[in-house]
Structures are given as structure tokens and as C-alpha cells.
Amino acid sequence: MNTAYLEQYNTKISAVSGNWSVLIALLVAILYLIITGLPRFKALKDSLKSAAGNSLMPLINSCAVVGFGSVIKGLAIFAIVQAFILSISANPLITEVLAVNLLCGMTASASGELGATLEALAPTFLEQGARIGIGPQVLHRIASISSGGLDSLPHNGATVTTLSLCGITHKEGYLDMFVASVIIPIFTALVIVVLATLGLRF
């Protein structure tokens, strides 16, 4: 393929090929489902109407939470929390777990805040890690696991949407979600921090 046109967007094929692979795979999957499910598409209009209606509330919830996270990131307290976390310990494993968890919890977003946190703090983590012999791959794994901790607090979009679709309140269903999506990921991240501190590499 002639990918020279990517230069005008200041990128290379290696930077976008992963996205293309996902999009092509999704397109192939959609076409496959359409072809194999064609005989069952008798009530397609009603199905699309129902799907659009069911997706409206989750969409509104997610947009509201993303907007909330964007506002939080623009506040002065966000930078203060970042600075405070970095001052707690010189061990990058500990500061990374704290930073990713607290900032994801503040914005109620795992993927979005993980990217923002690493964009701002990755050079610091890498520098501290290099001093004590901890490689980027270990820091990356710990950051990824940590992002799945405090992100799913009660104001998280996925939490609100799941409970809404199940027809139950936070009081009725959040405790189980809290154990599965907050306690267990945080405990897992702490175990990995201990193992990495002891010298085990992943």
C-alpha cells in the first residue's frame, strides 16, 4: 500500500495500522452477521427502533460522565492531587498505582484518564523506574491494572448504565460491583507491586 499520504498528518503506518486492523475486523464481523442472520431480519425495522431506544439512556449517561471527567481535569485541584501523589514515595510502582487509581476515580474514566495520566507522568515514572531497575513493561502493566480500580465508583458511566439496564438501584446492586470491579483490581495491583519490588518481572 502507498501510505505516503500519512505524512501530511504527521504520522506513519506503524502508528495507525493497529487501529485499521480493529476497524477491518469489526467490518468483517458485521458483514458476516448480516449475511448469516439475513433470514431472521424479518422485523428489522422494529429491532432497530428498539435498539435505538435502549441505547439512548446509556449514551446520555456516558456523555454526562465523560463531561464530568473533563471538567474535573480542568480544575486546579487536579494538578494539586497529581503533585501530592508524586511526593508520597520515590518508588514509581507505589506512586503509579496511587496516581492512576485516584485520578481515574476523580474522573470516573479508566481508559481516558489512564492516557492522560501517563501522558503527564510517564516520563517521571520511567526515570524513577530506571534508577531502581524497573522496566517500562512492568510500569505499563501496573498502570493498566490500576486503571480498573477506583474508576468504577458509583458515578462511573458503565456502573450507572449497568444498574439502570438491570432495573436496580445503587443500594441494591452496587456492593457486588464494588467488590468485583474495585476491591479485586486494587488488590491485584498491590500484589503485583509487591512482586515487582521483590524482583519478579512480568
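This is a predicted model: local features need pLDDT of at least 70, side-chain atom pairs count only at pLDDT 80 or more; totals for chains, interfaces and linings use all residues.
Biologist: Why are helix α6 and helix α8 called roughly antiparallel?

Modeller: The axes of α6 (residues 136-146) and α8 (residues 170-197) cross at roughly 165°. Angles over 145 degrees count as roughly antiparallel, and α6 and α8 are therefore described in that way. Their axes come within 9 Å, and α6 passes α8 in a left-handed crossing.

Biologist: Which residues of α6 and α8 meet?

Modeller: From α6, the residues are V138, I142, I145 and S146. Their partners in α8 are P185, T188, A189, I192, V193 and A196. By class, this contact of α6 with α8 holds eight nonpolar residues, two polar residues and no charged residues.

Biologist: What makes helix α4 roughly parallel to α6?

Modeller: The axes of α4 (residues 92-107) and α6 cross at roughly 30°. Angles under 35 degrees count as roughly parallel, so α4 is roughly parallel to α6. The crossing of these two helices is right-handed, and their axes come within 9 Å.

Biologist: Which residues form the contact of α4 with α6, and how do they divide by class?

Modeller: P92, L93, E96, V97, V100 and N101 of α4 meet V138, L139, I142, A143 and S146 of α6. By class, eight residues of that contact are nonpolar, two are polar and one is charged. Glu is counted as charged, and E96 is among the α4 residues of the contact.

Biologist: How do you know that α4 and α8 are roughly antiparallel rather than roughly parallel?

Modeller: The crossing angle of α4 and α8 is roughly 165°. The cut-off for roughly antiparallel is over 145 degrees, and α4 and α8 therefore belong to that class. Their axes come within 10 Å, in a right-handed crossing.

Biologist: What residues make up the contact of α4 with α8?

Modeller: On the α4 side they are L93, I94, V97 and N101. On the α8 side they are I186, L190, V193, A196 and T197. The residues of this contact divide into seven nonpolar, two polar and no charged.

Biologist: Which residues touch the most other members of the largest nonpolar core?

Modeller: That core has 16 residues, and L93, V138 and I142 touch the most other members. At least two residues each come from α3 (76-86), α4, α5 (110-131), α6 and α8. The greatest contribution is that of α4, with four residues. L93 also takes part in the contact of α4 with α6 and in the contact of α4 with α8. V138 and I142 of α6 meet residues of α8 and of α4. In soluble globular proteins, nonpolar side chains tend to be buried together.

Biologist: Why is T95 called buried?

Modeller: T95 has a relative accessible area of 0%. Buried means under 20%, so T95 is buried. This residue is found in helix α4. Leaving aside residues up to four places away in sequence, T95 touches I85, L86, S89, F125 and Q128.

Biologist: Why does S50 count as partly exposed?

Modeller: The relative accessibility of S50 is 38%. Buried requires under 20% and exposed over 50%, with partly exposed in between; S50 therefore counts as partly exposed. S50 is found in helix α2 (residues 44-74). S50 and A29 are 21 residues apart in sequence, and their C-alpha atoms are 22 Å apart in space.

Biologist: What makes S47 partly exposed?

Modeller: S47, in helix α2, has a relative accessibility of 43%. This value falls between the 20% and 50% limits, so S47 counts as partly exposed. The C-alpha atoms of S47 and I80 are separated by 49 Å, and the two residues are 33 residues apart along the chain.

Biologist: How do you know that S144 counts as partly exposed?

Modeller: S144 lies in helix α6 and has a relative accessibility of 32%. S144 and L75 are 69 residues apart in sequence and 24 Å apart in space, C-alpha to C-alpha.

Biologist: Which residues of helix α7 are buried, and what phi does G167 take?

Modeller: In α7 (residues 157-166), the buried residues are G157, T159, T161 and L163. Just after α7, G167 takes a positive phi of about 70°.

Notes. Residues are numbered from 1 along each chain as its sequence is written. Side-chain values use heavy atoms; hydrogens and water are left out. Axes are lines fitted to C-alpha atoms, for helices over the stretch in contact, and angles run from 0 to 180 degrees between N-to-C directions. Angles under 35 degrees count as roughly parallel, over 145 as roughly antiparallel, 65 to 115 as roughly perpendicular and the rest as oblique. A crossing is left-handed if the near helix is turned anticlockwise from the far one by less than a right angle, and right-handed if clockwise. Contact means heavy atoms within 4.5 Å. Buried means under 20% relative accessible area, exposed over 50%, partly exposed in between (1.4 Å probe, protein chains only). A nonpolar core is a set of buried Ala, Val, Leu, Ile, Met, Phe, Trp, Tyr and Cys residues joined through side-chain atoms within 4.5 Å.
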